[in-house]
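I opened this structure to see which side chains hold on to each other. These are my notes, in the order I looked things up.

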Amino acid sequence: METLYKYFRTIAIVVFALVASCNSIDMDLTENPNALTPSQADVDFFLNSIQEDFVRHIDGDADYDLNDNMQSGSVQNGDGFSLFGAELTRVYCLNNSVSNQYRSTYVPSTSDDEWLNAYLGIFADIRAMTPLAIEKEMSKHIGITQFIEAYVLTTLVDFYGDVPYSEAILGSDNLNPVLDDGAGLYDVALGLLDNAITNFQAETSVEPAVDMYYDNDYDKWIKAANTLKMRLYLQRRLVDSNAAASINAIINSGDYISSTDDDFEFKWPATSSTGPDTRHPRYGFNYTPTGATDYMSNWFMHQLMVTSDPRIRYYFYRQTPYVPGAEIDPDEQLLQCSLQSAPPHYTAGGFTFCFLNNGYWGRDHGDTDGIPPDGLYRTTFGVYPAGGRFDDDTFEPVYNGAGAGGKGITPILTAAWVDFMQAELALADGMTSEAKDFMLAGISKSIEKVQNFGTRDADADLSYAPTETDVSDFLDFIGTTFTDADLGSKWDILGEQFFVAVYGNGIESYNFYRRTGYPRTLQPNLDPNPGTFIQSLFYPANAVNTNSNISQKVDQAQPVFWDTNGVPEAN
């Protein structure tokens with residue numbers, strides 16, 4: 001990881017020189033002042049930049065570093081598609097002091113950074129690197145970038161629908177690339193993954209100096225590529241009659257991520273908070289001298305509380321044992337809603353409002369209250385996945401360096417999620433017993449993975465960690481509840497448990513929610529009329545303003561090609 005940090009530093013120095021020579025950012029998709037060019041970096045430098053930009057694509061950053069592509073933050077803390085998806089599915093808290101209307105929360109400029117990072121960062125660097133790598137027969141470098149390109153391209157489709165690709169990154173040859181059909185781009189991505197597998201199997205003149213994901217283990221890269229193919233087939237199962245057969249063919253091959261040891265994830269080295277910040281972004285935002293910045297989602301914390309989920313002490317760290325309105329008197333200065341009554345639609349639906357017991361201090365979906373001086377009270381991210389503190393009832397304020405110091409992970413594809421893929425397919429086919437078995441297998445893998453993070457917090461009192469009996473009782477409870485539920489409630493349980501298992505990657509929960517319409521148990525927006533739930537984001541302002549072939553959407557109710565379910569029930 002020290003090597004990784006040195007490469008981050010090297011990239012930062014080279015890119016800073018580029019930035020310093022530019023007076024403005026031209027959004028015509030021809031040149032990125034933050035990108036490397038053939039005259040300034042070799043193939044390995046390109047690959048390092050692409051690999052880092054890839055994880056920023058998912059998880060953003062914590063410092064708006066001028067040396068990368070995620071600089072503005074817009075109205076969201078730190079950017080990244082994971083953040084958007086997690087907020088919309090109540091895994092993270094959506095709170096905006098301006099408005100709780102979806103349309104005005106996710107405005108066109110909200111995802112400017114994500115668009116710039118994808119096109120002027122990742123895609124542009126891949127286009128510049130590939131000819132150099134082909135010339136030198138560096139097949140493994142090419143395979144890694146093909147995998148990354150497939151993931152990034154399909155994420156853009158998942159969040160926007162039709163996007164530029166075939167005519168993008170052509171420089172002055174085409175300053176106004178057309179939008180390509182999202183369904184066709186999924187086929188392009190599957191082709192990229194097939195080519196990546198071929199390159200992972202091919203001879204190479206030299207391996208990458210730094211492989212930030214699998215340390216040059218190409219058997220694992222092949223498993224990851226096949227697993228990403230499974231994910232894409234599942235994503236379009238409502239419009240692809242061959243999706244299940246395609247997934248089962250990969251499963252029958254055995255060449256996919258089936259063991260947690262092969263999980264595809266980015267490991268944040270957490271060696272620095274500056275130049276660039278190599279801590280997990282959610283850690284960087286929340287372990288500060290003034291306390292936490294983000295609010296945790298009351299709905300999500302409540303889900304883990306009421307089921308006695310053994311992952312709760314790893315996911316969340318409480319800075320106080322009490323919340324105003326729960327164990328102690330309401331406090332208008334620290335928690336304004338503790339003196340208010342729940343809105344009628346919360347009361348009618350039996351949803352929690354404002355506060356939870358036992359120090360779980362968060363906010364409700366769509367909260368528009370201002371920011372009181374509660375940074376050293378609110379619950380924040382724990383040791384998993386952000387590299388924070390394990391919750392051992394210490395109830396001490398957070399600070400920079402506490403817990404694992406930000407040495408967390410960004411999960412991208414895991415063995416546990418593969419079990420949930422199979423559970424979804426089984427339940428869709430009415431095979432409820434098989435769905436239950438797959439779901440419980442996925443939960444078990446998730447719990448084991450999460451529990452292994454406890455030792456990352458050297459000061460943690462792990463006597464508070466759940467016991468084998470605690471885990472067994474939890475699995476029995478979920479299994480029995482699933483067995484006794486009707487079909488719709490089975491989907492609710494599967495959705496809830498999937499959301500818990502994918503904690504740290506909101507892209508997965510957002511896609512599941514639109515693909516299935518479940519769970520129906522999500523806490524509604526505090527505003528009973530927040531506008532139509534976001535089926536796809538507005539095109540970024542920087543794209544619409546500079547490309548005559550992109551017209552802004554009328555609204556964000558436009559579904560992507562694989563979403564034929566209509567608007568989910570919980571708005």
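**Entry 1: salt bridges.** I counted charged pairs and found 25 salt bridges. I took a salt bridge as a side-chain nitrogen of Lys or Arg within 4 Å of a carboxyl oxygen of Asp or Glu. This is a predicted model, where local features need pLDDT of at least 70, side-chain atom pairs count only at pLDDT 80 or more, and totals for chains, interfaces and linings use all residues. Residues are numbered from 1 along each chain as its sequence is written, and side-chain values use heavy atoms, with hydrogens and water left out.

**Entry 2: glutamate 149 and arginine 127.** I looked at this salt bridge and read 2.9 Å from N to O. Glutamate 149 sits in helix H6 (residues 139-160) and arginine 127 in helix H5 (residues 112-135), so the pair ties together parts 22 residues apart in sequence. Helices here are DSSP runs of H or I with at least four residues, strands are runs of E with at least two, and both are numbered from the N terminus. I then checked cover. Buried means under 20% relative accessible area, exposed over 50%, and partly exposed in between (1.4 Å probe, protein chains only). Glutamate 149 is buried at 4%. Arginine 127 is partly exposed at 31%.

**Entry 3: arginine 231 and glutamate 508.** Their closest N and O atoms are 2.8 Å apart, in a salt bridge. How far apart in sequence are the parts that this pair ties together? Arginine 231 belongs to helix H8 (residues 218-235) and glutamate 508 to helix H18 (residues 506-516), so the parts are 277 residues apart. I found both arginine 231 and glutamate 508 buried.

**Entry 4: aspartate 374 and arginine 378.** I read 2.3 Å from N to O for this salt bridge. Aspartate 374 is buried, at 0% relative accessibility. Arginine 378 is buried too, at 3%.

**Entry 5: a network, and a strand beside it in my notes.** Salt bridges link Asp263, Glu265, Lys267 and Lys449 in a network. I followed glutamate 265 further. Its bridge partner in strand S6 is proline 411. Strand S3 (residues 264-267) and S6 run antiparallel, joined by four bridges. Two strands pair if DSSP finds at least two bridges between them. Is S6 buried or exposed? Five of the five residues of S6 (residues 409-413) are buried, so the strand is largely enclosed by the rest of the structure.

**Entry 6: the disulfide.** I found one disulfide, using a cut-off of 2.5 Å between cysteine sulfur atoms. It joins cysteine 337 to cysteine 354, with S to S at 2.0 Å. The link of cysteine 337 and cysteine 354 is right-handed, with 85° about the S-S bond. Cysteine 337 lies in the loop between strand S4 (316-317) and helix H13 (344-349), and cysteine 354 in the loop between H13 and strand S5 (380-381), so the pair ties together parts 17 residues apart in sequence. I checked cover again: cysteine 337 is buried at 4%, and cysteine 354 is buried at 1%.

**Entry 7: the whole protein.** I counted 19 helices and six strands. Of the 571 residues, 61% are buried. I also looked at contacts, meaning heavy atoms within 4.5 Å. Among contacts with a separation of 6 or more, 75% come from residues 24 or more positions apart.
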